[in-house]
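This report describes one protein chain, from its overall layout to individual side-chain pairs. The sequence and the model are shown first.

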Amino acid sequence: VIAQAANGQSDTATLFNVLNVIEDVPNQIKVLEQANNALKPGGEAFISVYEGSGTGVGKKTSKGYQQNKKTKEYLNLVKEVFPIRCSRVRGKRTAR
């Protein structure tokens, strides 16, 4: 799927609850770079994260891994890959 969308073939790229389950920053950046590479000029990326407990303390879960970071804590990482495109952060999702 990545190859089919690579090199500016997509109007949009969506990362829905992806960054929060990737344990290390280099792999988070890789996923963001793949999304950025997929976008046509003027395309939009939609990125959402699940905050989990919101404590910022990552931990293994029964299904993998959870960062437990607040949404705003991902913004600098996203801006690193999308410096011009990153314009706003809307909403948040928290564990109940």
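## Salt bridges and fold

The structure, which is a predicted model, holds 2 salt bridges. Both are listed in the table below, with the accessibility of each partner given in the text that follows.

| Lysine 40 | Aspartate 11 | 3.4 Å |

In the salt bridge between lysine 40 and aspartate 11, lysine 40 belongs to strand S2 and aspartate 11 to strand S1, so the pair ties together parts that are 29 residues apart in sequence. Lysine 40 is partly exposed, its relative accessible area being 31%. Aspartate 11 has a relative accessible area of 52% and is exposed, because the cut-off for that class is over 50%.

Glutamate 23 is partly exposed at a relative accessible area of 47%, and lysine 60 is exposed at 62%.

The chain is built from 3 helices and 4 strands. Along the sequence these elements follow the pattern α-β-α-β-β-β-α. Of the 96 residues in the chain, 32% are buried. The accessible surface comes to about 6,500 Å², and carbon and sulfur atoms account for 51% of this area. When contacts in the chain between residues at least 6 apart in sequence are considered, 67% of them join residues at least 24 apart.

## Strands S1 and S2 and the helix between them

How do strands S1 and S2 run relative to each other, parallel or antiparallel? Strand S1 (residues 10–16) and strand S2 (residues 39–48) run parallel and are joined by 6 bridges. From S1 the chain passes through helix H2 (residues 25–38) to S2, and this β-α-β crossover is right-handed. Within the strand pair, leucine 15 has isoleucine 47 in S2 as its bridge partner.

Helix H2 has 14 residues. From first C-alpha to last, H2 reaches 20 Å, close to the 20 Å expected at 1.5 Å a residue.

Which residues of H2 are buried? They are Gln28, Ile29, Val31, Leu32, Ala35 and Ala38. An α-helix has 3.6 residues a turn, so residues three or four places apart point the same way. The cover over the buried residues of H2 includes helix H1 (2–5), S1, S2 and helix H3 (75–81).

## Glutamine 9

Glutamine 9 lies in the loop between H1 and S1. With a relative accessibility of 47%, glutamine 9 counts as partly exposed, because this value falls between the limits of 20% and 50%. Which residues does glutamine 9 contact, leaving aside its neighbours within four places in sequence? The contacts are with Ala3, Gln4, Ala38 and Lys40. Among these, Ala38 is one of the buried residues of H2, and lysine 40 is the partner of aspartate 11 in a salt bridge. Glutamine 9 and leucine 39 are 30 residues apart in sequence, with their C-alpha atoms 6.1 Å apart in space.

Methods:
Residues are numbered from 1 along each chain as its sequence is written. This is a predicted model: local features need pLDDT of at least 70, side-chain atom pairs count only at pLDDT 80 or more; totals for chains, interfaces and linings use all residues. Side-chain values use heavy atoms; hydrogens and water are left out. Two strands pair if DSSP finds at least two bridges between them. Helices (H or I, at least four residues) and strands (E, at least two) are DSSP runs, numbered from the N terminus. A crossover is right-handed if, with the strands pointing away from the viewer, the path from the first strand over the helix to the second runs clockwise. A salt bridge is a side-chain nitrogen of Lys or Arg within 4 Å of a carboxyl oxygen of Asp or Glu. Buried means under 20% relative accessible area, exposed over 50%, partly exposed in between (1.4 Å probe, protein chains only). Contact means heavy atoms within 4.5 Å. Accessible areas come from the Shrake-Rupley method with a 1.4 Å probe; for residues, only the protein chains shown count as cover. The expected span of a helix is 1.5 Å times one less than its number of residues.
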